[in-house]
Amino acid sequence: MAFIGLLRSAACRGIACQTQSLQTLSRTSLISPQILKSSFTNHTLPGFSRLQPGRINQVQFFSLSPKSYSAGAGHNHSKLWTIERALSAVLILVVPAALAAPSKALDTVLAVTLVMHSHWGVEAAVVDYVRPIIFGNAFPKVALGGVYVLSIVTLAGLLQIIYTDIGLANTVKKIWSL
């Protein structure tokens, strides 16, 4: 990582930096400096295939993030982050209001906001930890589908309690009274 930062820096322009870069790479790997020099001129190191012979300071820029999650894919994650924070702030107001004055309207708002909040949290965990590079391409899609099914079933169950039983806030109060 430090080696890539060194190569990308504005100070890395001359022969001294090229020599320092080779020395750094040889210290951090099991490759000898002679092999590195011949590899740079023979184009055999991965990621350096388009280097001209004798020109080490031509670095190809790359990203380790998949295109589907990069900024160029058309996603605006900052807006979603703002919406998630706003929903969390709304929960601070809705939970006490629903418990203080139980009604079907407040119970429905509480159920929808709780399910959305938990869905986004579990979805983020699944996207972060169930990666295609580790599990293959099919399992992450199944896991993400499972998150959606879980959220839909949870919301349906909460709405069932709200509209056919005593309501969500009254159910919570009843459980607390035990």
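The dialogue below goes through a predicted model, one feature at a time.

Q: What should I know about this model before reading it?
A: The model is predicted: local features need pLDDT of at least 70, side-chain atom pairs count only at pLDDT 80 or more, and totals for chains, interfaces and linings use all residues. Residues are numbered from 1 along each chain as its sequence is written, and side-chain values use heavy atoms, with hydrogens and water left out.

Q: How many helices and strands does the protein chain have?
A: Helices (H or I, at least four residues) and strands (E, at least two) are DSSP runs, numbered from the N terminus. The protein chain has 8 helices and 0 strands. Read from the N terminus, the order of elements is α-α-α-α-α-α-α-α.

Q: What share of the residues of the protein chain count as buried?
A: Buried means under 20% relative accessible area, exposed means over 50%, and partly exposed is in between (1.4 Å probe, protein chains only). In this chain of 178 residues, 25% count as buried.

Q: What part of the contacts joins residues 24 or more positions apart?
A: Contact means heavy atoms within 4.5 Å. Taking the contacts in the protein chain with a separation of 6 or more, 44% are between residues 24 or more positions apart.

Q: At what angle do helix α5 and helix α7 cross?
A: Axes are lines fitted to C-alpha atoms, for helices over the stretch in contact, and angles run from 0 to 180 degrees between N-to-C directions. Helix α5 spans residues 104-129 and helix α7 spans residues 138-164; their axes come within 10 Å and cross at roughly 165°.

Q: Which word describes the direction of α5 and α7 relative to each other, and which hand does the crossing have?
A: Angles under 35 degrees count as roughly parallel, over 145 as roughly antiparallel, 65 to 115 as roughly perpendicular and the rest as oblique. α5 and α7 are therefore roughly antiparallel to each other. For the hand, a crossing is left-handed if the near helix is turned anticlockwise from the far one by less than a right angle, and right-handed if clockwise. The crossing of α5 and α7 is right-handed.

Q: Which residues of α5 and α7 meet?
A: On the α5 side they include Asp107, Thr108, Val115 and Val126, and on the α7 side they include Leu144, Ser151, Leu159 and Ile162. Ala, Val, Leu, Ile, Met, Phe, Trp, Tyr, Cys and Pro count as nonpolar, Asp, Glu, Lys and Arg as charged, and the others, Gly among them, as polar. By that scheme the contact of α5 with α7 has 15 nonpolar, 4 polar and 3 charged residues.

Q: Where does Gly167 lie, and what does Gly167 touch?
A: Gly167 is in the loop between α7 and α8 (168-177). Not counting residues up to four places away in sequence, Gly167 touches Asp107, Ile161 and Ile162. Gly167 and Asp107 are 60 residues apart along the chain, while their C-alpha atoms are separated by 6.8 Å.
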